[in-house]
Amino acid sequence: MTGTDAGPEGRGDDAPVDRVLAVPCEGDDLLALFALDTGERLGEVPVGSHPVHATTCRGRTVVATMGERAVTAVDPNGEVARVDTGVLGPSHFATANGELYVSCSAGDALAVIDPESLTLVDRVAVGAEPHEIAVAPSGDRLYAGSRREGVVDVVDTGRRERVRAIDAGPDARVQGVALAPDGNRGYAVDQRGARVVAFDVGEGSASPAAAPIRDEATVGADPYDLVATADRVLVPGRGDGVVHELDRSLKPIAVHEGFSRPVDVFDIGGEWWVLDAGAAGLRSIDGAVVETPAPGLVATPVGEGKLAVSHYDDDRVSLVDIGSGTVWTATSPAYPFGSVVV
């Protein structure tokens with residue numbers, strides 16, 4: 001999808017394309033392609049049912065199609081291949097030891113794919129409804145949150161097996177999972193309990209009850225995701241319109257208020273910016289505002305202080321420059337979601 005051909009419905013001319021924004025559009029089962037710099041619509045590639053997130057691997061764009069028992073791989077020339085997962089609900093990707101892992105929320109497993117041959121090489125059984133995945137800097141351990149069992153599963157990527165589980169607490173619904181950059185501390189969001197918990201990497205056992213959390217903190221209602229840096233953790237609370245800023249041990253630093261439905265936080269130029277699914281704009285935690293054409297549900301940093309924003313409910317995609325505002329906005333197929341630059 002780079003070069004002269006944008007896929008089966010691309011422009012069909014010889015004009016070069018530098019960078020392409022590939023956007024899974026959940027409502028129309030399409031991967032929509034845009035020129036990153038200009039927003040020009042380059043084409044659409046049919047993919048599997050309910051595409052939500054994408055990643056790049058070995059020059060291909062791989063799309064998680066939650067309504068399938070497969071993921072879809074798209075070559076630069078637009079050729080489409082299906083990679084069987086054997087279980088339903090592929091949603092999030094991670095790479096470890098040169099292999100591609102995808103959580104399959106309806107199959108209670110992580111599918112392991114060889115990105116070169118595009119074949120399924122293994123499946124790792126994990127807790128029910130696995131969702132987000134974090135990988136240790138060494139690549140030897142992978143951490144997957146279970147929304148139904150309330151644990152963080154620890155997977156040995158060399159052996160491709162679950163080796164322990166970390167209990168997030170009674171009735172927990174584990175959503176986002178993240179590791180500190182040094183890989184020595186892990187964090188998980190308990191969506192049901194409006195909490196974030198911390199655990200020491202390597203702690204735990206095969207029995208969830210034997211792996212207590214180290215620290216915890218209350219955050220805003222309906223937290224979904226989190227960001228972990230070397231010295232702090234930020235957690236948007238969608239239900240309360242707040243962003244909690246905590247230190248490494250989950251001691252409170254600040255509670256940032258005044259948002260509508262904050263869904264994600266991005267470090268851009270040393271400043272924290274909040275994506276708000278209930279407001280047409282990006283706002284920094286210090287109060288600066290950049291207007292956007294519509295609320296955004298998902299955003300992808302693309303470098304140079306810019307974010308590609310998917311306006312899920314408005315069927316539009318924008319490129320937003322934090323310094324100067326919206327660069328371009330384009331219509332998209334229904335329900336654009338997690339984009340990737342190829």
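The model is predicted, so local features need pLDDT of at least 70 and side-chain atom pairs count only at pLDDT 80 or more, while totals for chains, interfaces and linings use all residues. Residues are numbered from 1 along each chain as its sequence is written, and side-chain values use heavy atoms, with hydrogens and water left out.

**Largest pocket**

- The largest pocket has a volume of about 1100 Å³, where a pocket is an open set of points on a 1 Å grid over the protein atoms alone, where a 1.4 Å probe fits, with protein on both sides within 12 Å along at least five of seven lines, and the volume is the space filled by probe spheres set on the points, which are joined across faces, edges and corners.
- Its lining, meaning residues with an atom within 4 Å of a point, comprises 38 residues, and His-53, His-92, Glu-132, Asp-225 and Asp-264 lie nearest the centre of the pocket.
- Among the strands (DSSP runs of E, at least two residues, numbered from the N terminus), S12 gives the largest share of this lining, 5 residues.
- The lining divides into 24 nonpolar, 8 polar and 6 charged residues, with Ala, Val, Leu, Ile, Met, Phe, Trp, Tyr, Cys and Pro taken as nonpolar, Asp, Glu, Lys and Arg as charged, and the others, Gly among them, as polar.

**Aromatic contacts**

- The count comes to 4 aromatic pairs, for which rings of Phe, Tyr and Trp (its six-membered ring) must have centres within 6.5 Å, planes under 30 degrees apart counting as stacked, over 60 as edge-to-face and the rest as tilted.
- Phe-34 and Trp-328 are stacked because their ring centres are 6.1 Å apart and their planes at 25°; Phe-34 lies in strand S2 and Trp-328 in strand S31, so the pair ties together parts 294 residues apart in sequence.
- Phe-34 is buried at a relative accessible area of 0%, buried meaning under 20% with a 1.4 Å probe and protein chains only, and Trp-328 is buried at 6%.
- Tyr-143 and Phe-199 form a tilted pair, 6.0 Å centre to centre with 35° between the planes, and both residues are buried.
- Arg-283 lies over the face of Phe-259, at 4.0 Å from the ring centre, the rule being NZ of Lys or CZ of Arg within 6 Å of the centre and within 35 degrees of the ring normal.

**Cysteines**

- The whole structure contains 0 disulfides, a disulfide being a pair of cysteine sulfur atoms within 2.5 Å.
- The sulfur of Cys-57 is too far for a bond, because the closest cysteine sulfur, in Cys-104, is 16 Å away.
- Cys-57 is buried, with a relative accessible area of 9%, and Cys-25 counts as buried at 0%.

Key:
Buried means under 20% relative accessible area, exposed over 50%, partly exposed in between (1.4 Å probe, protein chains only). Helices (H or I, at least four residues) and strands (E, at least two) are DSSP runs, numbered from the N terminus.
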